[in-house]
Amino acid sequence: MAIVAVLAANVALASPAAAVTGALDQYSKVITTYPLWGSDYSLAQTFTSGYLRPLTAVGIYAAPWGPTGSSGSAAKGSATVQVVPTYLGLPVTEFPLVTENFIIPTVDGGEWVYFNFSSPPQIDLHAVYAIVVTIHGPWGLEWLGSCSTSAYKFGQASVKGPSDPYWLTIAEWDTVHHTSVCMGDFSFRTYVGAAVTPTHTPTPAPTATPAPTPTPIPMPTPTPTHTPTPTAAPTSAAGATTGPGAIRPPPAAPSVSGTTMAPATLMPTPDPATVATSLVAEDSPAGSPIAAVAGATAAATPGSGVPSSPGEGSSSGVPIAAVLTAIVVMGGAGAGLFLWRFRLRG
């Protein structure tokens, strides 16, 4: 019964693939060290994906270690292989992308062992993942690799023992457990398949309906205002402007055609005695004050035959008595006329 149970368990476990499927993506092929890890240890190697494609297979360079049979041949070891995301460069096994159980054949010195996934997980470009291998007791595991951390620059080796609450890098694990295991990167290979082709045409996102363009309100066409063209004001023959508000030009001087005007003749200055006699004769009746004044004036005129007495008249020869008499008799008008006569005389 025990033998049948063991055979049934071995059938349930898949064997490593003899041929790998997919194209090689990331890898570390340096093999310089091979520490032996005990049963129930979980070992991991992180890597950075170079494609946005399905992860079809992984490979490790390893050899399980366990009890030997009666024939002396090495026993086969059982292990669980996972691909999980990472946080701060360490595995997060609580959210595995794929988990499968395999039987790792034992080969002295180890060999490349490949695991093809029945359901390849999709991985993102430049995302960091971890290959996790957990060996089940009573077997141990030798996962060979490089002591230096420069074998693969985009990942690192890490470990989680049965008593460890979380994952540690190999260097951290050495510090915690006071050991001296030298391991920087485990040897590994990753393979990806072809890009996934969509099986249906994606429905385009609805486009936003543009807002209706508002119809402009027609504006009334303004009625053009007629602007009269200014007309030049008529001008007269002389060139002056006529019309409302214009300054009329002075009338033209009358022209005499066919008539020759005689030059002005200077009149001779009349004799005062003659003028006085003429005025009295023409404008004043006899016996009027004007006549008396005229007579007095004529009598006092030199050459009239009436001598004037010194002290009795003015320098013009008119008697003072005659002047006063004329002013009294004629009043203001007579005084003016007399003075005019007197001035004319002087």
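Which residue in β15 is the bridge partner of Ala 57? The partner is Tyr 191. This is a predicted model. The protein chain has 5 helices and 15 strands.

**Overall make-up**

- The protein chain counts 346 residues, and 34% of them are buried.
- Its exposed surface comes to about 22,000 Å². Carbon and sulfur atoms supply 63% of that surface.
- Take the contacts between residues at least 6 apart in sequence: 79% of them join residues at least 24 apart.

- Strand β15 spans residues 188-192 and is mostly covered. Of its 5 residues, 5 are buried.
- Phe 188, Thr 190 and Val 192 point one way. Arg 189 and Tyr 191 point the other way. Both sets are buried.
- Strand β1, residues 23-28, pairs with β15 in the antiparallel sense. The pairing has 4 bridges. Within β15, Tyr 191 stands opposite Leu 24.
- Strand β4, residues 55-65, also runs antiparallel to β15. Here 5 bridges join the two strands. Ala 57 has Tyr 191 as its bridge partner in β15.

**Tyr 191**

- Tyr 191 sits in strand β15.
- Is Tyr 191 buried or exposed? Its relative accessibility is 7%, so Tyr 191 counts as buried.
- Beyond its neighbours within four places in sequence, Tyr 191 contacts a run of residues that includes Val 20, Thr 21, Gly 22, Ala 23 and Leu 24.
- Its other contacts include Pro 54, Leu 55, Thr 56 and Ala 57, and Tyr 114 is also in contact.
- Tyr 114 and Tyr 191 are 77 residues apart along the chain. Their C-alpha atoms are separated by 9.9 Å.

**Nonpolar cores**

- The largest nonpolar core has 36 residues. Trp 37, Leu 55, Val 58, Phe 115 and Leu 141 have the most contacts inside it.
- Which residues does Leu 55 touch, leaving out those up to four places away in sequence? In β15, Leu 55 meets Thr 190, Tyr 191 and Val 192.
- A second, separate core has 6 residues. Among them are Val 84, Leu 90, Ala 130 and Val 132.

**The disulfide**

- The structure holds 1 disulfide. Cys 147 and Cys 182 form it, with sulfur atoms 1.2 Å apart.
- The link of Cys 147 and Cys 182 is right-handed, with 45 degrees about the S-S bond.
- What does the pair tie together? Cys 147 lies in the loop between β11 (145-146) and β12 (157-160). Cys 182 lies in the loop between α2 (170-177) and β14 (185-186). The pair therefore ties together parts that are 35 residues apart in sequence.
- Cys 147 has 33% relative accessibility and counts as partly exposed. Cys 182, at 34%, also counts as partly exposed.

**Thr 134**

- Thr 134 lies in strand β9, residues 128-135.
- With a relative accessible area of 17%, Thr 134 is buried. The cut-off for buried is under 20%.
- Its side chain makes a polar contact with the side chain of Ser 42, at 2.9 Å.
- Leaving out residues up to four places away in sequence, Thr 134 touches Tyr 41, Ser 42, Ser 78, Ala 79 and Thr 80.

**Positive phi in loops**

- Leu 88 is not a glycine, yet has a positive phi of about 55 degrees. Leu 88 lies in the loop between β5 (77-87) and β6 (90-91). At 73% relative accessibility, Leu 88 counts as exposed.
- His 126 is not a glycine either, and its phi is positive at about 65 degrees. His 126 is found in the loop between β8 (111-116) and β9. Its relative accessibility is 58%, so His 126 counts as exposed.

Conventions: Residues are numbered from 1 along each chain as its sequence is written. This is a predicted model: local features need pLDDT of at least 70, side-chain atom pairs count only at pLDDT 80 or more; totals for chains, interfaces and linings use all residues. Side-chain values use heavy atoms; hydrogens and water are left out. Buried means under 20% relative accessible area, exposed over 50%, partly exposed in between (1.4 Å probe, protein chains only). Two strands pair if DSSP finds at least two bridges between them. A disulfide is a pair of cysteine sulfur atoms within 2.5 Å. A nonpolar core is a set of buried Ala, Val, Leu, Ile, Met, Phe, Trp, Tyr and Cys residues joined through side-chain atoms within 4.5 Å. Contact means heavy atoms within 4.5 Å. A polar contact is a pair of N or O atoms within 3.5 Å; within protein, one must be able to donate a hydrogen and the other to accept it, and residues adjacent in sequence count only if both atoms are side-chain atoms. Accessible areas come from the Shrake-Rupley method with a 1.4 Å probe; for residues, only the protein chains shown count as cover.
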